[in-house]
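Hi everyone, thanks for coming. Have a look at the sequence and the model on the screen, and I'll walk you through a few parts.

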Amino acid sequence: MSCLETHGTPRPTGDGALDFNPFDTMAPRAPGEVPAEAKNGARVKAEGVAPRGVYLPNDNIQTPNMRSPDYVQVSTAAAISLGLMGGKMHRCSCTHCLNLLLTYPEGCRANCAYCGLARHREADRDYADRNFIRVDWPAVPMAEIVDIVKRQGKKTSFHRMCISMITHPNSDADTLTVLKTWTDRIDPSDIPVSILSNPTTMNRADVVRLKEMGADMFTVAFDAATPELFERTRGKTVDGPHRWEKYWEVMGHAAEIFGPEKIGVHLIAGMGETEAEMLTIVQKVKDMGGHSHMFSFFPESGSLMDHLPATPRDQWRRVQLGRYLIDYRGVRVDHMRFDDSGRVVDFGLPRAELEGVIDAGIAFRTSGCPGKVAEDVSACDRPYGDSPPSNIASFPFQPNKRDVAKIRRQLNLPKVEA
Ligand code: SF4
């Protein structure tokens, strides 16, 4: 079907590093002990400082005692778009997805190795002050967020709202309350709602309830692409509660209850899986009726993987392109070919068609639940959530000609013979 070969044997990049992140290199360090006086948000609860409106991380001497469903955290991009923070984002005027994180003084109870919100960070940072996907997350009263979006009306920049559940005993109930606070005042057909779920605490009835209460899409953050990686970064190895099988169980409920085109998964590329393994799970999700929302691994400061290399750009561009072809261009993983390091050597598409997909640039934009532009353009643009602006991994805007030229250099495809 195709005649494109990209690589032969594994090769080092110019600085001697490999052009992919292998499993053995990407081992997290073990979590340290948390002193008793810092466990479960003890500092915040002991001080009991009452919250007063918006809380900007690291802005107060003592983090206030804020708790969902009254409070949620919003991304820096969303806070700027809501007018709650000043500042500008490189080449973006706003974000199109209002990402909300449930928040508690005791924080997320999981301990995922790549995550800035993980429990082991209790030792050095109160929950509301922790960085997550490279940025701060201000805490805001939920009622204030709804007030602002209601006031913005048709002028709002948001194409979608997303509730991220984190892992907490109250998060199932609080997600429903936050969803109701939204749908009571904002028509979900104007701004649809996605749920970024926490399968560990959920059962089938929870998924049904979310659908009944007006959620439009249901997503599962697997993050790790293989069972071994999942265990090593999210399971018992790091004192975490998550299990691969449970995630697939809830994903199965979601496929049945929400249906085709209304489910998705989050995956982080470059944590030690091969490109073949990553694109195999992308295919599995596609065959279930969903799409993969993919991030490039970035060593989050303070996480158990902050000493490890970010995903090399060539690995990232290959899986980004492969994901897009599977999700939106009818290519199957079994049409592709891989070398003995699992890297893509053939994308399974005639060269001229592949060139057209690369030129269009959409494959290299941030992936996520769709907004109001096109099915393959994500509302969730997460500006610079997986890279600095100086070397963009996921483009939060349409790449221009110069961007596409850089992407082409990073993909390093062989020249076509004249
Ligand atoms: S469950 Fe989610 S928020 Fe909690 S530590 Fe894991 S990745 Fe981070």
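**A strand pair and a helix pair**

So, strand β4 (residues 160-164) pairs with β5 in the parallel sense, over four bridges; strands pair if DSSP finds at least two bridges between them. Strands here are DSSP runs of E, at least two residues, and helices are runs of H or I, at least four, numbered from the N terminus. This is a predicted model, where local features need pLDDT of at least 70, side-chain atom pairs count only at pLDDT 80 or more, and totals for chains, interfaces and linings use all residues. Residues are numbered from 1 along each chain as its sequence is written.

Back to the pair: Val 193 in β5 has Met 161 opposite. And β5 (residues 193-197) is mostly covered, with five of its five residues buried. Buried means 20 or more other C-beta atoms, placed from the backbone, within 10 Å of a residue's own. Which residues point which way? Val 193, Ile 195 and Ser 197 go one way, Ser 194 and Leu 196 the other.

Now the helices. α8 (residues 275-288) packs on α9 (residues 313-328) at about 20°, axes 10 Å apart. Axes are lines fitted to C-alpha atoms over the stretch in contact, and angles run from 0 to 180 degrees between N-to-C directions. So α8 is roughly parallel to α9, as angles under 35 degrees count as roughly parallel. Among the residues making the contact are Met 278 and Leu 279 of α8 and Val 319 and Ile 326 of α9, where contact means C-beta atoms, placed from the backbone, within 7 Å.

How values were computed. Parallel < 35°, antiparallel > 145°, perpendicular 65-115°, else oblique. Contact = placed C-beta atoms within 7 Å. Buried ≥ 20, exposed ≤ 12 C-beta atoms within 10 Å, placed from the backbone.
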